[in-house]
Amino acid sequence: MSETAIPALPPRRLSWPAFLRRKARPESLHGIKSSGFAGQVLPLVLLAPQLVILLMFFFIPAIRGLAQAFLLQDPFGQEVHFVGLENITALLRSAEYWESLRLSVNFTLATTALTFGVGLLLAFATDRVARGRTAYRAVLLLPYAIAPAIAGFVWAFLFNPIVGPAAALLHALGIAWDPNRSGDDALLLVILTASWKHLCYDYIFLVAALGSVPRSVIEAAAVDGARPLRRFFWIVLPMIAPTVFFLLVMNTVYGLFETFAIIDATTRGGPAAATNILVYKVYVDGFVNLDLGSSAAQSVLLMIFAISLTVIQFRLIERRISYDVSQ
Amino acid sequence: MIERASWLDAACHAILVVAALLTCLPLYYALVAGSLTTAEVQQVPLPFLPGGAFVENARAVWTRIGLGRLLLNSVIVALGIAVGKLAISLLSAFAITYFRFRFRGTVFWLIFLSLMLPVEVRIVPTFEAMTDVLMPLRLLVQLSGVDSLVQAMTGWRLEVSANWSLLNSYSGLIFPLMASATATFLFRQFFLTIPDELCDAARIDGASPMRFFWTILLPMSRPNLAALGIIFFLFGWNQYLWPLLFTTEPTMTTVVVGIKQLVPHGDSIPAWNLTMNAALLAMLPPIVVVLLLQRWFVKGLIESGK
Amino acid sequence: MSMAVSRRAILAGSAGALPLLRARPASAAPREIRFWHAMSGVNGERLEEMTRQFNAAQSDFAVTPIFKGTYDELINATVAAYRTRTQPQLVQIYERGFMTMLLSGAVVPVQELMAAQRHNINWADFIKPIAGYYTHKGELAAMPFNSSTPILFFNKAHFAKAGLEKPAETWQALEQQLRQVKAAGGPGSIMADDYHWSWFENYSAINDYQYATKNNGFGGLDTEFTYNRTPVVQQVGRMKRWMDDGLLQTAGQGVAAAAVFTSGRSATFIASTATHAAVMAAANLEWDAVPLPYEEGRTPRNSVIGGAVLWALRGHADADNAGTASFLAFVAKPETQVWWHKATGYVPATNAAYALAQSQGWYRERPTQEIAVKQLTRGEPTANSLGYRFGNFTQTMFAQREEAERAFGGQKPPQQAMDDAVSRGNEILRRFERLNAGRY
C-alpha cells in the first residue's frame, strides 16, 4: 500500500459526511472479504464450538422457554394448558403494554445517543492527548468493574431526593427533583444511570478503533491543512464507521435487553410504572410474579421487535459503510 | 508531524478530568461508606470524608463470606468466560468473513439471535440443560432413530445413559455464558476493514488459512482483543444470576453472590459499610486485568507491513 | 457393532473428562440437610448461628444454610432445582408465595412430615394470625420461621417539640398531630417500601374491612377483590393528601426508609417490628413505638403477618426427611423461638415462646418488642383479619401499587385507581383459578 491509501480530503462544503455518502463495495455489503479462502468444511469446523454451545445453552432452552408463550403453566410444571395466542393477544389489548413499549423506545434512543455521544467525546479526547492516556483509560474504565447491584444503589443514593448529594445540588438550583413521585424525573434518572454504566463499553471500543487508524492518514491530512476537529469528522470517523455501526447495534441491544438490573436498583419500574420498560416488565412478570406464559409472550414480541430493528439497522446503515480503509 | 493545537489539548484534558471525576464519584461514595462503622454509616447525609474502619470492615467481610475462596472462583470463571468467548468468536468471525460457504448468512444471524432474548425466559430450561448436558444428544438419538437402527443391525443397544451434570462445577458456570454474538460481530466488523492485500499476499505465499489467521489476523486484532477482553472479564466477573442459580455449594459461588449476601435484608441492621467494603475489595482483580491489558492498546497496528 | 462401541467410548470419554473441573463436597459423617434461605446481612448471620446451634446439639444431621439471593431469586432457584431433581430439603419462601408452594405438588405439608417422623408439636399453641396464614384444611402447611407485623415507630424529640407525648390511636387524630409536628418545624413521616402491606392490607385487617370475597380468599380460588368499595379508597386519598402537604414521603431507592427514620429525619415510621434491629443500632435517636392507628369509631382487631416460612420439599429419602423434621422441631422449640425473637426482632410463633420471653423479663427490658405480639393476639381474628390467601399474590400486589402510585401522582382519582387495581387484580386471580381449578 502506498500513498494512494490516504483518502483525499473532501472539499470544504459538503452536505454529508463521507461514511453516509459513499456507496460501499458490494462485497462488504454482504459482510465478506472479496479476498478470502476456499473451502466448505473448514469454516464449519471453525464455527462448531460457538454453534454447539449456542445450541445446547441457548437455542434448546430458548425454544423450550418461548413455547411457554402459548401455554398457561404453573411454575413447578405440573399443570399445562395450551392457550394458543391468548397470552399474546392479552398483551396487545393491554394499555400498560403499549405504554411500556413507548417507554422502551424513548429509553433506548436516549441511552444510545447519550452513551455514544459522550463515549465518542471521551475517546476522541483520549486519543488526542499525548500524556496520561493510559491513566485516563484506566480510570474511565473503573465504573465498569463495580458490581451492577452496587453501582445502581450508589447512583440511586446520589440522586435520592431525601439524602442524595446530587439531588441536594439540584434542589439548591431550584429544580424540584423527585424521582419518587415524578415519572419524568425517574425516567431521566434511569437514562442517566444506564448511560453511565454503558459509557465504558462504547468508550473502550472507540478507543481501540481510534488506535487502529493509520497515523500516516492523519499526518497526510494534517499536511493538507485540515484542522483537528475537521479531520476527525471527515477522515477518522468514516474510517472507524464499522465500529460505530457495531456500537449503534450493541447500544440498542443494551437498552432493550440488559437494563433490568439498573432499573431494579434505581426505580423498580416506578413510580406508577413510569420506568417500566419492556425488559423490566419481562423480568417482573416472569421472575418475580412467576407468570411464565405472559413473560414468554412478552419475550416473543420483544424479540420480534428487536430483530426487526436490527435488520433495519443493517439494511439502512451498514450498506453505507465502507469497510475498505484503502479506498 | 501532526501540529499541536494547545487549546484543544487543554480542552481534552479538561473533559477527561471532569469525566474521570464524575464516573468515579459513585466509587468514592462506596469508599466512604466502606470505611465507616455500622453506626456511622446510618447517618444521613453520609459524611464527605472516609472514616477509619476500612481495614476492620475488610477483615470482617473476609471472614464472614470466605472472600478468599470466592475471589478465586470469580477469577477462574471470569477468565474462563473471557478467554472462551474470545477464542470461539475469533474463529467464528474468521469463518464468516473469509470463507464463502453455504448458510454463511444464516449462521451469522443465528449467532446474532442469541442477544435478543431476555434471560428470565430461559432460566429454568437452561438450568435443565446444565444439569443434563447430554439431553440434546439423547433427544437426537431418539428422534433420528439411530438407536433402533443400531439395535436392529447389531443387537447392541445404543444408550446415552451417562449422567453428566455441570451443577457446582466451573464448567457449569463458564460454558452456558461462553457463546458471544458481541465478539463475533465486533471481529467481523474489524476483519472487514483489514486490507485485502494482506490475504492476497498470504495466499500467494502459499499460507494456509489457519497460518494466515495466526500470523496476521490475530496480532492485528490486539487492540480489539484487549477491549473485548476487559469487557468480557468484567462481564464474567459481575455475573450474578447464573452463579446464584447454577451453584448449590457455598464454596462454588462467586464474589458478587457473596456481596449480595452482605446487602442488608429489608428488616435487619443496614450494615451497608460491609457491603460497600466488599464491593471495593471485589474490584481489585478486575482493576489488575484492566491495567494489564492496557499494554495491548498500541496504536497503528494496521500499518504494519506497509 | 464397532460403531456402537466407539460411540459409547466417546460418550464415556467426554463424561469422564469434565469432572476434572468439578469440586466434590467432602462426605461427612452426619447426614447433610440443605437449607436454602434468603436472609442477607446481619439476619443471615443469625440464621447461620441458629443452624450451628442445631448442629452442635445433635450429631445425626448437619444443616447447611445456603444463601440463594432475594425471596424472588430463591423461589426461582427452587423451581429450577425441583424440575431437575436437585432440590434441597428445606426452603424459606415468603408469605406471598404461599399458594404457589401449597399447590405446587412439590412440598410435604409440615404437619404431615412431623407426624410421619413422630415429632410431637403442639400445633394449637401457634399464635393465631401466624398459624392461620399458613393453615390449609386444618393443618399447618409450612413451619413459621420469620414472622413480623408492622407497628408505628416515632421520633420522641419531634413529637415533644410540638408539645406531644406520643402518636394518637386513630388516623384522624394522628393526622392532626403530624400537622402540629410539621408546624413546629419538624419533618414529615417516611413510608416503608412495602407500604401496601401496612397501609392497605394491615389497615383492612385492623379495621375489619373486607379485602376480597370468600374470606379474603381462604374460602376458594374464585375470590374477588373488593377493597375498591371499602375505606381503602379513602386511605389512598389520605396518603396522597399527606404527600402533597409534606406529611409523608417515600424513600425510594438508594436509601432505606429505616435510615431516614433512624437519622432523625422523619416524625413517624410505620414498619415491620423487625426494624427494631436497625432502630436500636442507631446512635442519638430518641424513639418509641406504638401499635398501628385505626379509623375513628372502629374497634381495632389483630394485624396480619408478613415474612416467610420453611417448606419441606418432596423427593428425599426418609432418612433426610427425619433430619428435616428434626431441624423443624428445633425451630419450633420455645427456646429457639425466643433466641430468634431476641436476635432478629421477629415475633415468636407460639404462645409458649411468648410466655417464655415474658418470664425472662425480656419485655421489661424491651417493651416495644411486645407491641407486635400484643397487636397480633388482640381479640379473636375475624374473616377479615385472619390473613390473605390469593394466588399470584405478588402480581396482584404490583398492580395495586402501580395504580395507587397513579393516585399519589395525581394521574387518577383514588376511586378510579382502586377500581382499576381491583379489575386488574381480579383478572390475575382468574388466571390462577383457571390453572389450579379443583386443586385447592
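Student: In this predicted model, how many Å separate the centres of domain 1 of chain C and domain 2 of chain C?

Tutor: The two centres are taken over C-alpha atoms. Domain 1 covers 31-148 + 305-359 and domain 2 covers 151-303 + 380-436. The separation of their centres is 28 Å.

Student: How much area do domain 1 of chain C and domain 2 of chain C bury between them?

Tutor: In contact are 19 residues of domain 1 and 24 residues of domain 2. Of the area buried between the domains, 56% is on carbon and sulfur atoms. The buried area is about 1700 Å².

Student: Which three residues supply 41% of the area that domain 1 of chain C buries against domain 2 of chain C?

Tutor: No other three residues of domain 1 supply more of that area. They are C:R96, C:M99 and C:Y133.

Student: Which residue forms a salt bridge with C:K128?

Tutor: Across the interface of the two domains, the rule finds two salt bridges. A salt bridge needs a side-chain nitrogen of Lys or Arg within 4 Å of a carboxyl oxygen of Asp or Glu. In the bridge of C:K128 the closest N and O atoms are 3.4 Å apart. The partner is C:E380.

Student: Which element gives the largest share of the side of domain 1 of chain C that touches domain 2 of chain C?

Tutor: At least two residues of this side come from each of α4 (98-102), α6 (128-134) and β5 (135-136) of chain C. The residues of the side divide into 10 nonpolar, seven polar and two charged. The largest share is five residues, and it comes from α6(C).

Conventions: Residues numbered from 1 in each chain as written. Chains lettered and ligands numbered in written order. Predicted model: local features only at pLDDT ≥ 70, side-chain atom pairs only at ≥ 80, totals over all residues. Heavy atoms only, no water. Domains from an automatic or database assignment. Contact = heavy atoms within 4.5 Å. Buried area = accessible area lost by both parts, 1.4 Å probe. Helix = DSSP H or I, 4+ residues; strand = E, 2+ residues; numbered from the N terminus. Nonpolar A, V, L, I, M, F, W, Y, C, P; charged D, E, K, R; others polar.
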